[in-house]
Amino acid sequence: IYQSSTTFFTPSDGKTALTGYASLLGASESSNLENQVMAIIDSDRLKSVLTKKVYEAYPELFQSLLKNIELNKKTTLTLPEVINFIKDDLNYKGQFYISKDDNGLFRLTYENETPAVSLFIVKNALLEATKIYSELEVGANKNVILVLDTPKLKKDPVKPKKIFLMVASIFLSCFLGVITILFQNFIRYIK
């Protein structure tokens with residue numbers, strides 16, 4: 001599984017000096033703009049738009065999935081059905097997440113088996129989130145997301161952790177071997 005991520009921030013939306021002092025003292029006060037951006041990035045609307053863009057950019061990745069579904073349903077799928085099935089396949093719930101650090105910087109991360117899809121989703125997520133924010137006309141500021149780091153794809157897969165799995169399997173096999181020997185000795189002792 002490959003991971004892509006980007007770092008961004010939202011410009012100040014007129015925080016008062018009192019809020020600044022509160023954050024200095026450790027009271028984390030999220031701005032309304034930050035909450036709105038977080039809600040948009042976590043929204044189903046954004047995920048549907050991203051899914052449609054991924055399907056348009058990489059239709060060959062989903063052909064076998066869609067053929068299997070059509071064979072099971074014995075009908076041709078409509079575009080909204082296709083988008084829903086692909087959205088489930090992209091697994092946004094477990095692999096698309098946003099976090100905020102103590103400095104007010106956001107990190108948007110997505111993990112996928114296909115490196116190109118992983119990078120594509122992160123690149124387009126911020127663009128589409130800004131478009132949705134503008135369409136909703138929530139605030140006067142249209143530059144709500146300022147990208148600090150361009151989206152990057154990690155060179156090596158982040159999952160599965162091969163070394164960890166190898167060490168764990170060696171440990172587990174040794175442990176089970178010792179338990180088996182002890183159990184055999186226990187059985188001989190009882191007889």
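Entry 1. Contact here means heavy atoms within 4.5 Å. I sorted the residues of this contact of H4 with H5 into six nonpolar, no polar and three charged. Ala, Val, Leu, Ile, Met, Phe, Trp, Tyr, Cys and Pro count as nonpolar, Asp, Glu, Lys and Arg as charged, and the others, Gly among them, as polar.

Entry 2. I noted that the model is predicted, so that local features need pLDDT of at least 70 and side-chain atom pairs count only at pLDDT 80 or more, while totals for chains, interfaces and linings use all residues. Residues are numbered from 1 along each chain as its sequence is written, and side-chain values use heavy atoms, with hydrogens and water left out.

Entry 3. I then took up the geometry of the pair. Two packed helices are described by the angle between their axes and the distance between the axes. H4 (residues 63-73) and H5 (residues 79-90) pack at an angle of about 120°, and their axes are 11 Å apart. H4 is therefore oblique to H5. The crossing in which H4 passes H5 is right-handed. For the terms, I recorded the following:
- Helices (H or I, at least four residues) and strands (E, at least two) are DSSP runs, numbered from the N terminus.
- Axes are lines fitted to C-alpha atoms, for helices over the stretch in contact, and angles run from 0 to 180 degrees between N-to-C directions.
- Angles under 35 degrees count as roughly parallel, over 145 as roughly antiparallel, 65 to 115 as roughly perpendicular, and the rest as oblique.
- A crossing is left-handed if the near helix is turned anticlockwise from the far one by less than a right angle, and right-handed if clockwise.

Entry 4. Which residues of H3 meet H5? I found Asp44, Lys47, Ser48, Thr51, Lys52, Val54 and Tyr55 in H3, against Leu79, Val82, Ile83, Ile86, Lys87 and Leu90 in H5. By class, this contact of H3 with H5 has seven nonpolar, two polar and four charged residues. The axes of H3 and H5 cross at roughly 100° and come within 9 Å. H3 and H5 are therefore roughly perpendicular to each other.

Entry 5. I turned to H2 (residues 32-41) and H7 (residues 115-136), whose axes come within 10 Å and cross at roughly 115°. Their crossing is right-handed. Leu33, Gln36, Ile40 and Ile41 in H2 meet Leu126, Ala129, Ile132, Tyr133 and Leu136 in H7. This contact of H2 with H7 has eight nonpolar, one polar and no charged residues.

Entry 6. I looked into the loops. Tyr58 lies in the loop between H3 (44-57) and H4. Not counting residues up to four places away in sequence, Tyr58 touches Ala116, Val117 and Phe120. Lys74 is in the loop between H4 and H5, and its phi is near 60°, a positive value in a residue other than glycine. Lys159 and Pro160 are joined by a cis peptide bond, with omega about -10°.
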